[in-house]
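Okay, everyone, thanks for coming.

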Amino acid sequence: MRDPFGRPITYLRLAVTDRCNLRCRYCVPEECGPAGGAVLSGEALVEIARQAVLCGVKKIRLTGGEPLVRRDIAALCRSIADLEGLEELCITTNGTALETLAGPLREAGVDRLNVSLDSLRPQRYAALTRGGRLEDVLEGLRAAERAGFTGTKLNVVLLRGVNQDEIPDFVDLTRRFPLEVRFIELMPIGEGARGDFLPAGEVLQQCPDLVPAGSGGVARRYRLPGAPGLTGLITPMSCRFCADCDRIRVTADGMLKPCLHSEREIDLRGLTGEALRQAIASGAAAKPERHYLAETGHSGAGRTMNRIGG
């Protein structure tokens with residue numbers, strides 16, 4: 001499956017819920033009411049995953065909201081992990097429920113975790129998440145290691161005047177642990193358009209000992225000399241990577257988004273089999289060549305990030 005510009009589409013980001021137990025300030029609008037609308041059933045999510053794999057998708061990432069708030073998340077993972085042809089199943093999570101779920105998720109066939117963590121300071125973390133406990137995430141990371149997860153990535157959204165003073169602390173984690181700490185530029189979606197943008201180049205300015213270490217997906221990687229871990233920079237604003245985009249997204253209510261930053265959505269609800277495969281293929285065919293965030297200063301996503309899927 002290729003898009004009109006010849007890019008192979010092999011990666012599906014599948015939102016399994018729009019609910020979350022945190023309310024991160026750049027993701028969820030402060031005045032936003034409770035989520036939890038017409039979220040797809042587990043059976044519908046597995047069918048979308050199945051048909052996407054038949055279309056050529058090799059990697060699926062489950063997102064939210066917070067995917068671990070779904071009561072059937074382990075069973076859902078098991079069903080998707082068993083799909084013939086799927087090479088990698090990952091989850092992006094805030095990590096607060098990993099203490100109890102890391103083991104079941106690993107047993108269900110989840111290959112790798114991305115954990116969102118924007119501060120290593122308890123009070124700041126609580127303020128950013130509007131009530132979260134940093135210790136819950138740290139205990140979740142310890143549980144993930146005990147469960148046998150490797151290659152865990154920490155996603156850190158760079159926020160000017162908020163967490164930029166913690167950049168060296170995050171990078172220092174790679175000196176002590178075999179983690180990849182990925183600094184992500186804030187995108188102007190919903191609450192992300194508030195003016196907290198900080199270019200990822202700030203990481204290299206504050207940590208000049210980092211040396212290039214290739215690329216991994218959309219991240220440019222660096223390493224401290226002798227460190228077991230990696231530092232990644234993801235730069236949708238300062239250096240877009242649209243030319244290498246290999247992904248499509250499906251929201252928790254069943255809408256395929258060919259591009260995160262486009263209002264274009266294709267309704268997958270109620271479709272199965274060949275009709276669903278055709279709809280997924282039409283989504284790939286509708287991918288634009290690039291986004292225009294730098295030129296316009298805003299995203300055309302049409303939804304806040306928590307309603308799309310991280």
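This is a predicted model: local features need pLDDT of at least 70, side-chain atom pairs count only at pLDDT 80 or more; totals for chains, interfaces and linings use all residues.

Before we start, when I say contact, I mean heavy atoms within 4.5 Å. And helices (H or I, at least four residues) and strands (E, at least two) are DSSP runs, numbered from the N terminus.

Residues are numbered from 1 along each chain as its sequence is written, and side-chain values use heavy atoms, with hydrogens and water left out.

Let's take helix H4, residues 122-129. Which of its residues are buried? Buried is under 20% relative accessible area, exposed is over 50%, and partly exposed sits in between, using a 1.4 Å probe and protein chains only. For H4, the buried ones are Tyr125, Leu128 and Thr129. Look down the H4 axis and they fall within an arc of 85°, so they line one face of the helix; that arc uses the directions from the helix axis to the C-beta atoms. What do they pack against? Helix H5, 134-147. Gln123 and Ala127 are exposed, on the face turned away from the buried side.

Twelve strands make an open sheet with mixed pairing, in the order E7-E8-E9-E6-E5-E4-E3-E2-E1-E10-E11-E12. Pairing here takes at least two DSSP bridges between two strands. At the edges, E7 (211-216) and E12 (266-267) each pair on one side only. E6 (180-185) and E9 (230-234) run parallel over five bridges, and phenylalanine 183 has leucine 233 in E9 as its bridge partner.
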